[in-house]
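Welcome, and thanks for taking a look at this one with me. Please have the sequence and the 3D view open while you read.

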Amino acid sequence: MSDPATLAATILPPLLRGAIVTVEVAAGAFLIAVVIGMLLALIKTFGRSLPLRACVDLYVETFRNVPALTHLFILYFGLASIGVKLTSLSAAILGLGLIGAATLADVFRAGFQSLHAGQREAALAIGMTPGTVLRFILMPQALRTTLPPLANYGAQLVKDTSIVAAIAAPEIMFFARSLVTSTFETTLIYLSAALLYLALSLPLSFAAGRLEKRLGGGR
Amino acid sequence: MNSFLTPFADNGSIWLSVLLPAAGTTASLTITAFLLAVILGGGIAALRLSSLSALRRSAQIYVEIVRGVPVLAILFLLYFGLPGYGIALDPFTAATLGLGISSSAYVAEIIRAGLDALHKGQREAALAIGMKPRILYQTIILPQVLRISLPALLSTLIALLKDSSLCALITVDELMLTARALSTEYFQPLQIFVLTGVIYFAIAWPLSLLSRRLERRLLRGRRTVAG
């Protein structure tokens, strides 16, 4: 085990396999978070129904003020006890996605709020339907301003996938833990895992920083 | 619905009597780690103001690395990795250190943003009238920075509270580990984890509300273009 080459050959393949799952979980969760988050933001920004808006608030507060691990345990162990059995991967993607939706709902809402009300009024006044206004006028601009926080969220998400190891989803941390029990190279393995996460999340946070500068520059 | 609620009526008080002390551990872990994060983060923010570029750079690298690595990896390195070098930390100490280090990067960024938000003229004016830099920071800069960063610092505290649940994985007897143990004892994971979620919510929500209120107060008088 002390030979560096054999050690690398033992450690790297599982960690990289884990990295692929990490990316899959992050991508799946990101997609769910964007779709549900946008829906929540639209209801909060343009919705008139009070009960519906209250539901959105309740959703956001629930997911914001309770740890991700608790949500994952409810989805994975809790639901299984009443007969709804999710695989660890789908529980991971669904859990992180639902949590992310609460984060992105606020991000998107801030994006819509940064637009001047006059734009919507003008577009409606020249006879565009509310749906068209949303699709061609408001959404593209709101998405543009929310790009930096979206990239930041992505970086955060990549790191957050580490906790789905706790429900046995086979991502980086999961493989790292099992490698440690078989090789006892604790520090080396966890450091490699940390570096892998860093390599996955740094490009996203750099992109966020650059986008922020670029979008801010025009003002 | 009834089958969901009856276990609470049967065992709810027993569960609470076990979970609430564990929530106390969660709270003390969170507070200790937060204090550490504020001290470390304040130090890092100060380094970023240093006139030595090497110090500024290393502070920046620290922030980038710590923000890019999952809390769990930091916790595992401290708890499982350090004993290999003869440093065996007990779970609570490793947890405090890990959470503190991971949050310190965010605290440093918040304080830096607070410093950036102050007008340069204040500093120059104070120095011009002969104020010593130490007094300047104590009486003029710090109070304002704290005021500006308070909402964001509270958000960090909430994030830290939530992250403290991960310390269950390095065997700290906090809320989540206790809930996990209860759920294997009573075979009612849904009810127990929902109850656990409610306890976390009861701690975090008031802090969220406070954070938002402070933020609104800071923004008062500043006009936004919200439609």
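The points below go from the chains to their helices and then to the contacts.

1. A word of orientation before the details: what you see is a predicted model. Please keep that in mind as you go through the points.

2. Let's begin with chain A. Its secondary structure consists of 8 helices and 0 strands, so in the order of the sequence the pattern reads α-α-α-α-α-α-α-α. Along the principal axes, the C-alpha trace of chain A spans about 75 × 50 × 25 Å.

3. The box filled by the C-alpha atoms of chain B is roughly 70 × 55 × 30 Å along the principal axes.

4. Helix H1 of chain B, residues 2-47, deserves a look from end to end. A straight helix with its 46 residues would reach 68 Å at 1.5 Å a residue, but the end C-alpha atoms of H1(B) are only 58 Å apart. Where is the kink in H1(B) centred? You will find it at B:Asn11, with an angle of about 65 degrees.

5. Back in chain A, look at how helix H5 (residues 117-125) packs with helix H6 (residues 130-160). Their axes lie 10 Å apart at an angle of about 145 degrees, and the crossing of H5(A) and H6(A) is right-handed. On the H5(A) side the contact is made by A:Gln119, A:Arg120, A:Ala123 and A:Leu124, while H6(A) brings A:Pro130, A:Val133, A:Ile137, A:Leu138 and A:Gln141. Sorted by class, this contact has 6 nonpolar, 2 polar and 1 charged residues.

6. Finally, the salt bridges. How many does the structure hold over all chains? The total is 5. One salt bridge pairs the side chains of A:Glu61 and B:Arg212, at 3.0 Å from N to O. Because A:Glu61 sits in helix H2 (residues 50-64) of chain A and B:Arg212 in helix H8 (residues 189-219) of chain B, this pair joins two chains.

Methods. Residues numbered from 1 in each chain as written. Chains lettered and ligands numbered in written order. Predicted model: local features only at pLDDT ≥ 70, side-chain atom pairs only at ≥ 80, totals over all residues. Heavy atoms only, no water. Axes fitted to C-alpha atoms, helices over the stretch in contact; angles between N-to-C directions. Helix = DSSP H or I, 4+ residues; strand = E, 2+ residues; numbered from the N terminus. Left-handed = near helix turned anticlockwise from the far one by under 90°. Contact = heavy atoms within 4.5 Å. Nonpolar A, V, L, I, M, F, W, Y, C, P; charged D, E, K, R; others polar. Salt bridge = Lys/Arg side-chain N within 4 Å of Asp/Glu carboxyl O. Expected span 1.5 Å × (residues − 1). Bend = angle between axes of the 7 residues up to and from the residue.
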